[in-house]
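Below are notes on the core, the ring pairs and the pocket of this model. Please read them alongside the coordinates.

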Amino acid sequence: MSQAIVDQPAVEFGHVTHVTVHFDDLDAFGLLHNSRYAVLLERALTGYWADHGVSYQAGQRSAPDVFHAVREFTIAYQAPVTGTGPVAVHFWLDYFNNSSARYSYRFQSTDGRTVHAEGQRSIVRIDPATMRPAPWTDAARAIASALLRPAPADA
């Protein structure tokens, strides 16, 4: 087994998961294409929520909280991901309000030593009947609580 798969960066908050960079994720220079970061982040988040029973499979939502839209996505690139293989995605919630949430995230090497990119992703839970913001369920709030970054001690 590859050592990169075994290593897991230690984090004080949030969650770290590995996603795989495939050959077709690379640009002509052998670097992870800038557009693929959003896809890989989506896969990391989707996997986390699916592991907690919130998923979309076979055309069906397991919970109303699956129906949400991305409001904003930002990213700053630090060091390129070169080649295929696993990359670690550390993500956490900065807030989880009535109908919106904001993730912060960091793409890093599997040993945690190199930060490749970091940014934020804001989402809004949507009522599918009205297409208007809707409150998160208590179940989603319970799952999200494990991802919330603690407030600084001096705040």
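1. The largest nonpolar core holds 31 residues, and Trp49, Phe91, Tyr103 and Phe107 have the most contacts inside it. Such a core is a set of buried Ala, Val, Leu, Ile, Met, Phe, Trp, Tyr and Cys residues joined through side-chain atoms within 4.5 Å; buried means under 20% relative accessible area with a 1.4 Å probe, protein chains only. Helix H2 gives the most to this core, with seven residues.

2. This is a predicted model: local features need pLDDT of at least 70, side-chain atom pairs count only at pLDDT 80 or more, and totals for chains, interfaces and linings use all residues. Residues are numbered from 1 along each chain as its sequence is written, and side-chain values use heavy atoms, with hydrogens and water left out.

3. There are nine aromatic pairs in the structure (rings of Phe, Tyr and Trp, the last by its six-membered ring, with centres within 6.5 Å; planes over 60 degrees apart count as edge-to-face). One of them, Tyr37 with Phe107, is edge-to-face at 5.0 Å centre to centre and 80 degrees between the planes. Tyr37 lies in helix H2 and Phe107 in strand E6, 70 residues apart. Tyr37 is buried at 2% relative accessible area, and Phe107 is buried at 0%.

4. Ring pairs also join Tyr37, Phe73, Tyr77, Tyr105 and Phe107 into a cluster.

5. The lining of the largest pocket has 16 residues, with Glu42, Thr46, Trp49, Val66 and His68 nearest the centre. A pocket here is an open set of points on a 1 Å grid over the protein atoms alone, where a 1.4 Å probe fits, with protein on both sides within 12 Å along at least five of seven lines; lining residues have an atom within 4 Å of a point. H2 gives the most to this lining, with four residues.

Terms used. Helices (H or I, at least four residues) and strands (E, at least two) are DSSP runs, numbered from the N terminus. Buried means under 20% relative accessible area, exposed over 50%, partly exposed in between (1.4 Å probe, protein chains only). Rings of Phe, Tyr and Trp (its six-membered ring) pair if their centres lie within 6.5 Å; planes under 30 degrees apart count as stacked, over 60 as edge-to-face and the rest as tilted.
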